[in-house]
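Subject: The structure, and what I found in it

Hi,

Here is the structure I promised to pass on. Have it open while you read, and I'll go through what turned up.

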Amino acid sequence: MATADTERVLAFARRAEDLGFDGVFAFDHLFPPGAPSDRPSLEAYATLAAVAAETSRLTLGTLVTRASLRPAGMLAKQVATIDELSRGRFVLGIGTGDVVGRAEHEAFGLPYLAPAVRRAHLEETIGAVRALLRGAPWPGGEHVPPIPGPLLPEPRTSAGPPIWVGGTSDGAIALAARVADGWNGWGLAPDAFGAGARSLRAKAAGRPVEATWGGGLVVGRDAAETDRIVGERRARGLDHTWAGSAQTAAGWLAELRDAGATWAIVLAAGPSGRVELIAERVLPALRGHG
């Protein structure tokens with residue numbers, strides 16, 4: 001959502017729903033990572049609330065909320081509100097963030113957590129949000145103070161929206177296995193993702209936690225177009241997770257599915273028309289892979 005054009009964002013969501021995609025996810029940054037602070041960018045939760053009103057089927061989510069951006073009580077209120085507006089279609093993707101996000105904290109006067117406490121703070125934030133969503137107070141911890149609540153209106157779903165922990169480290173996977181409903185491994189190749197998914201299942205010890213993937217794909221109509229787009233992106237210093245033709249993209253995504261991914265959240269990199277190309281030529285082929 002690195003744009004100030006609200007109609008463009010809403011039109012994209014409507015188009016994604018019409019094209020048969022399962023969901024749309026927003027990054028939760030106050031301006032794009034690594035960009036100047038004056039780069040226009042819409043706030044994730046306000047934008048998703050508008051998207052909820054414009055769509056009827058799509059799953060909506062954050063990928064991912066940085067736990068330190070909002071007090072846990074405020075985050076729970078935002079989550080419950082979008083859960084209500086979307087009629088139970090929201091997913092809370094959440095993570096610790098990293099050093100790249102420090103500039104956002106400094107630009108907007110927000111406290112920046114030291115690396116040593118981020119994961120503990122994230123775990124307490126998830127605990128507090130969970131408690132409030134199920135109608136209970138949060139007793140307080142070392143990093144998140146007591147929150148008596150109550151949180152009203154109650155969420156549409158009995159336990160509140162699903163919570164996914166984003167991160168590729170062993171610690172992030174272990175945290176997801178312990179307290180979340182899902183894990184998101186951003187930017188991982190199928191082999192590495194599969195290893196993470198197996199680790200998640202082992203650490204969860206029978207607890208149901210889904211493995212989800214996210215990353216940037218360059219999909220061209222053929223090899224020549226793919227090479228041209230990749231060259232243009234490299235010249236601009238832009239990267240991506242995978243690049244290939246529409247013919248090969250379905251096979252690559254099927255590898256992720258076979259490795260355990262229940263979701264693939266795709267950042268469709270490149271010129272305009274990529275979303276339509278994926279819907280037209282990749283989704284049907286992916287479904288043909290079983």
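Predicted model: local features only at pLDDT ≥ 70, side-chain atom pairs only at ≥ 80, totals over all residues.

**The chain as a whole**

The protein chain has 10 helices and eight strands. Its radius of gyration is 19 Å, close to the 19 Å that the globule rule gives for 290 residues, so the chain is as compact as a globular protein of that length. Of the 290 residues, 47% count as buried. I also looked at contacts between residues with a separation of 6 or more: 71% of those come from residues 24 or more positions apart.

**Helix 1 and helix 2**

Start with helix 1 (residues 6–19) and helix 2 (residues 44–54), whose axes come within 10 Å and cross at roughly 45 degrees. An angle like that makes helix 1 oblique to helix 2, and the crossing is right-handed. On the helix 1 side you'll find V9, L10, A13 and R14, and they meet T47, A50, V51 and E54 in helix 2. Sorted by class, the residues of this contact are five nonpolar, one polar and two charged.

**Helix 3 and helix 5**

Next, have a look at helix 3 (residues 72–85) and helix 5 (residues 115–133). Their axes come within 9 Å and cross at roughly 50 degrees. Helix 3 is therefore oblique to helix 5. This crossing is right-handed. Helix 3 brings A72, G73, L75, A76, V79 and A80 to the contact, where they meet T125, A128, V129, L132 and L133 of helix 5. The classes here come to nine nonpolar and two polar residues, with no charged ones.

Which residues of helix 6 (residues 170–179) are buried? They are A172, I173, L175, A176, A177 and V179. The buried residues of this helix pack against helix 5, strand 4 (163–166), strand 5 (182–186) and helix 7 (190–204).

V165 is worth a click while you're there; you'll find it in strand 4. Its relative accessibility is 0%, so V165 counts as buried. Leaving out neighbours within four places in sequence, V165 is in contact with I94, L122, I126, A172, L175, A176, A180, G182, W183 and N184. For a distance across the model, take V165 and G251: they are 86 residues apart in sequence, and their C-alpha atoms are 26 Å apart in space.

**S245**

Last stop is S245, which lies in strand 7 (residues 242–245). Is S245 buried or exposed? Its relative accessible area is 12%, and since the cut-off for buried is under 20%, S245 is buried. Setting aside residues up to four places away in sequence, S245 touches V219, G220, D222, A223 and T226.

That's everything from my side for now.

Cheers

Terms used:
Residues numbered from 1 in each chain as written. Heavy atoms only, no water. Axes fitted to C-alpha atoms, helices over the stretch in contact; angles between N-to-C directions. Helix = DSSP H or I, 4+ residues; strand = E, 2+ residues; numbered from the N terminus. Parallel < 35°, antiparallel > 145°, perpendicular 65-115°, else oblique. Left-handed = near helix turned anticlockwise from the far one by under 90°. Contact = heavy atoms within 4.5 Å. Nonpolar A, V, L, I, M, F, W, Y, C, P; charged D, E, K, R; others polar. Buried < 20%, exposed > 50% of the residue type's maximum accessible area, 1.4 Å probe, protein only. Rg over C-alpha atoms; globule rule 2.2 N^0.38 Å.
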